[in-house]
Amino acid sequence: MGTLNKRPLAQLGTIINHHQLNRKQEIHGAEGSTSNRGEDPLRLSKRLWKARLQRLEMRDARALMAIKDLDSLFSALDPEYYDILMKYLYRGLSTGDRPTCDQCLRIHERLTEKAGLGCILRSLADTVNTV
Amino acid sequence: MNFPCQEVERHNKPEVEMKTSQELLLNSILICRNEAEKCLIETSINSLRISLKVKQADELENILTKKFLRFLSMRAEAFQVLRRKPVQGYDISFLITNFHCEEMQKRKLIDFIVQFMEDIEKEISELKMSVNTRGRLVATEFLKQFI
């Protein structure tokens with residue numbers, strides 16, 4: 001108890017990387033950036049991208065369920081990612097699965113205490129960084 | 001906030017209903033307790049729509065919920081923030097515009113919605129109990145003549 005649980009943080013890092021990839025796609029388009037064409041995941045076709053997103057969705061749900069120590073998670077996470085975490089929480093709340101919703105509500109309460117009501121409003125208002 | 005219609009001059013419409021301009025709509029939130037109970041919150045620049053789906057365990061609750069909420073929806077003018085017709089897939093909807101926020105206190109509006117959500121299940125359970133009680137009494141009286 002009290003020690004930093006690295007595994008869920010790593011998984012949350014996956015969520016954040018996934019978000020960054022989404023953001024790159026919106027900025028550069030589905031064709032991808034010309035500077036690093038060889039390794040750019042944006043060159044995947046739309047069908048493959050959708051399959052990848054579905055796999056990531058399942059991973060996100062598992063990542064959310066694995067989060068145990070919220071204080072260490074919030075202290076390790078940059079404040080700019082609180083809004084993204086909030087969006088993922090709302091996504092988890094829309095699933096309807098009871099354990100997922102319970103966990104999401106627990107994290108939502110703590111995140112609202114930490115980040116304030118502005119975090120909820122930003123997750124509603126931000127149509128650029130979608131999850 | 002007050003945001004007149006971009007399409008038609010001198011008109012002021014709730015953008016969450018019209019959905020004419022995508023840039024005026026914000027992200028919607030769906031919160032599900034389970035498959036049967038959910039709450040959809042749709043937001044826009046000048047209005048907000050909250051739709052609720054109430055738990056209905058059996059056919060009787062289904063009928064009672066439908067009748068009761070239809071009764072309320074028909075008197076939507078008295079409630080001001082109630083929508084006459086619920087959004088498809090939901091049992092009841094509220095439409096809150098910037099004018100409502102100006103005339104009424106926001107905290108009281110929130111309290112009203114929360115209280116409504118808390119009381120609706122209680123009301124429907126009471127209705128169900130009263131229907132069952134009356135049914136039992138009527139059946140008992142009717143069958144007494146055959147004893």
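Trainee: How much area is buried between chain A and chain B?
Mentor: In this predicted model, chain A and chain B bury about 940 Å² between them, and carbon and sulfur atoms give 62% of that area.

Trainee: Which residues of chain A lose the most area to chain B?
Mentor: Those are Tyr90(A), Ser94(A) and Leu124(A), which together account for 46% of what the chain A side buries.

Trainee: And which helices of chain A supply at least two residues each to the side that touches chain B?
Mentor: Helix H4 (82-93), helix H5 (98-115) and helix H6 (117-125) each do that.

Trainee: What sort of residues are on that side?
Mentor: Five are nonpolar, four are polar and three are charged.

Trainee: Okay, how many salt bridges are there between chain A and chain B?
Mentor: The count is zero. Polar contacts are another matter: five residue pairs make them across the interface, with both residues at pLDDT 80 or more.

Trainee: How many residues are in contact on each side?
Mentor: 12 residues of chain A are in contact with 10 residues of chain B.

Trainee: Switching to the fold, what is chain A built from?
Mentor: Helices: chain A has six of them and zero strands, so the order from the N terminus reads α-α-α-α-α-α.

Trainee: What share of chain A is buried?
Mentor: Of its 131 residues, 39% are buried. As for the accessible surface of chain A, that comes to about 7,900 Å², with 53% belonging to carbon and sulfur atoms.

Trainee: Last one: what share of the contacts in chain A with a separation of 6 or more joins residues 24 or more positions apart?
Mentor: That share is 67%.

Notes. Residues are numbered from 1 along each chain as its sequence is written. Chains are lettered from A and ligands numbered from 1 in the order in which they are written. This is a predicted model: local features need pLDDT of at least 70, side-chain atom pairs count only at pLDDT 80 or more; totals for chains, interfaces and linings use all residues. Side-chain values use heavy atoms; hydrogens and water are left out. Helices (H or I, at least four residues) and strands (E, at least two) are DSSP runs, numbered from the N terminus. Buried means under 20% relative accessible area, exposed over 50%, partly exposed in between (1.4 Å probe, protein chains only). Contact means heavy atoms within 4.5 Å. Accessible areas come from the Shrake-Rupley method with a 1.4 Å probe; for residues, only the protein chains shown count as cover. Buried area is the accessible area (1.4 Å probe) that two parts lose on being put together, summed over both. A salt bridge is a side-chain nitrogen of Lys or Arg within 4 Å of a carboxyl oxygen of Asp or Glu. A polar contact is a pair of N or O atoms within 3.5 Å; within protein, one must be able to donate a hydrogen and the other to accept it, and residues adjacent in sequence count only if both atoms are side-chain atoms. Ala, Val, Leu, Ile, Met, Phe, Trp, Tyr, Cys and Pro count as nonpolar, Asp, Glu, Lys and Arg as charged, and the others, Gly among them, as polar.
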